[in-house]
Structure formats: C-alpha cells, structure tokens
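Hello,

Here is the structure I promised to send over. Have a look at it first, and then read on for what turned up.

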Amino acid sequence: MPTRTFFNLSQEKQQRLLEAARLEFSRVPLHEASISKIIANADIPRGSFYQYFNDKEDLYYYYADYLRKQGQNSLLSNLQAVDGDLFAAFRHYFAKLVAEIINGPNAVFYKNMFLNMTYKNGRKVTSATQKRHPHHGRDDFYAAVDFSVLKISTPHELGTLMHILMATLFQTLGAYYLRQQHGEQITVAQLNQEFEQALGWIEHGVAIN
C-alpha cells in the first residue's frame, strides 16, 4: 500500500508516478523492473519514491489494483446482476475481463503479469482490495452469493472455492499467452469456450456417475 504521503500528492503527481509504473511494468515483468527507470520517467528523486512506496513490489500491486478499480467490470457487480449465481457471475466476469486484458490499453502490462504469474503474486493481485478493506468487501460478497445452489455454506468454504475459481481463470489466461508465444492463434471466442469448459468441470464434476 502507498503511504499517506503519496495520497497527499497532487493528482498530477500521482498520475505521473502511475504512468511511470505502467511504462516500466509493461516493458518488463516485475522481477526485472528497475526503480531507477520508474523514478526517471516520473521525474522524482529516488528518496521521494521511498516516501511513497516501500519497494517496487508495493507499487506494482497498487498499480494492478488501480487498474482493477478503473474498470467497470467487477466480480461483485456481476454476481449481483445474476442474483447470486456464482458460476454465472464468473462466466460474465471472464468474458468482460478477456476483452479488457487482451485488447485494452493495458494489454502489454497484463501480458507480462500473466506470463510471470506465480502462486504468491497471484494471491497478492487478487486479494489487494480485500487487504485494504479486510471485512467490508468480503461481507458484501458473501451476502451476495446464493448458497441454496451450492454445497458450501461458510465463509471459509467460499474462500476455498474462490481460490479454485480464480486459479482456473489465471491458468486459462496464462496458458493463452504461452500458447500465443509458440505461434498458436487463439480467438477470444475460443478462450471463452475453454474457460466455460473448465468452469463446467468444477461446477458439475468430470466423473461419469
């Protein structure tokens, strides 16, 4: 999380630093990113950077959450739109997310993110908002889920299922970029179909009874 000093900056200075983050994290993945390039692009002293963020990872996860908040596509809004049907919400969410990630203005940033996704940083990206509001966001989401069609009932069980679903989403997108690197041409429609298939396996199982 940024420090209070960052939020006390003018909007122009905040945006300049975020634009520098976009340029650097689109150029290279997080582990190769250079704070020197970020501060050069933002035109700030190195000491000022550490007054705003602990390190480049701190800026990276804040920027990822910033992008999420700029979009109109949220899992909670999709869940509310389908009366709490968790799997339907994920279908709608993924379809909108794919269009934003693959064809949107931050496509290169997202490509770097998914190609270099690990379990650790994947959890950090998806939980950024919950860490900022540890109770409010989770309570809203839990209240919106229709548990009458699920074999779960507790927040812990929902959390476990959510991790499985988000891992499936990340795996689908990560595999897309890897296959693309090997010359395979995949359309957005195919990607949606593959996610739908994986989601169906989780929702209905894969064993023939």
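Predicted model: local features only at pLDDT ≥ 70, side-chain atom pairs only at ≥ 80, totals over all residues.

Asn73 sits in the loop between helix 5 (56-70) and helix 6. Leaving aside residues up to four places away in sequence, Asn73 touches Asn78, Tyr93, Lys96 and Leu97, where contact means heavy atoms within 4.5 Å.

Residues are numbered from 1 along each chain as its sequence is written, and side-chain values use heavy atoms, with hydrogens and water left out.

Now the overall picture. The chain has 13 helices and zero strands; helices (H or I, at least four residues) and strands (E, at least two) are DSSP runs, numbered from the N terminus. Of its 209 residues, 43% count as buried. The chain exposes about 11,900 Å², and carbon and sulfur atoms supply 53% of that area, computed by the Shrake-Rupley method with a 1.4 Å probe, where for residues only the protein chains shown count as cover. Among contacts between residues at least 6 apart in sequence, 66% join residues at least 24 apart.

What holds the most contacts inside the core? In the largest nonpolar core, which has 62 residues, Phe25, Leu86, Phe90, Phe109, Leu169 and Leu173 touch the most other members. A nonpolar core here is a set of buried Ala, Val, Leu, Ile, Met, Phe, Trp, Tyr and Cys residues joined through side-chain atoms within 4.5 Å. This core draws at least three residues from each of domain 1 (4-67) and domain 2 (72-204), with bounds that come from an automatic or database domain assignment. Leu173 touches Phe94, Leu97, Val98, Ile101, Phe114 and Leu191, not counting residues up to four places away in sequence.

Leu173 also takes part in a helix crossing. The axes of helix 8 (residues 107-115) and helix 12 (residues 155-181) come within 9 Å and cross at roughly 100°; axes are lines fitted to C-alpha atoms, for helices over the stretch in contact, and angles run from 0 to 180 degrees between N-to-C directions. That makes helix 8 roughly perpendicular to helix 12, a label used for angles of 65 to 115 degrees, whereas under 35 counts as roughly parallel, over 145 as roughly antiparallel and the rest as oblique. Helix 8 makes the contact through Ala107, Tyr110, Lys111, Phe114 and Leu115, and helix 12 through Phe170, Leu173, Gly174, Tyr177, Leu178, Gln180 and Gln181.

Most residues other than glycine have a negative phi. Asp43, however, has a positive phi near 60°. Asp43 lies in the loop between helix 3 (35-42) and helix 4 (46-52) and is exposed, with a relative accessible area of 61%. Asp83 likewise has a positive phi, of about 55°, although it is not a glycine. Asp83 is in the loop between helix 6 (75-81) and helix 7 (86-103) and is exposed at 68% relative accessible area.

Tyr62 belongs to helix 5 and is buried at 9% relative accessibility; its C-alpha atom is 7.3 Å from that of Pro2, 60 residues away along the chain. Ala40 is in helix 3 and counts as exposed at 56%.

Best wishes

Notes
Buried < 20%, exposed > 50% of the residue type's maximum accessible area, 1.4 Å probe, protein only.
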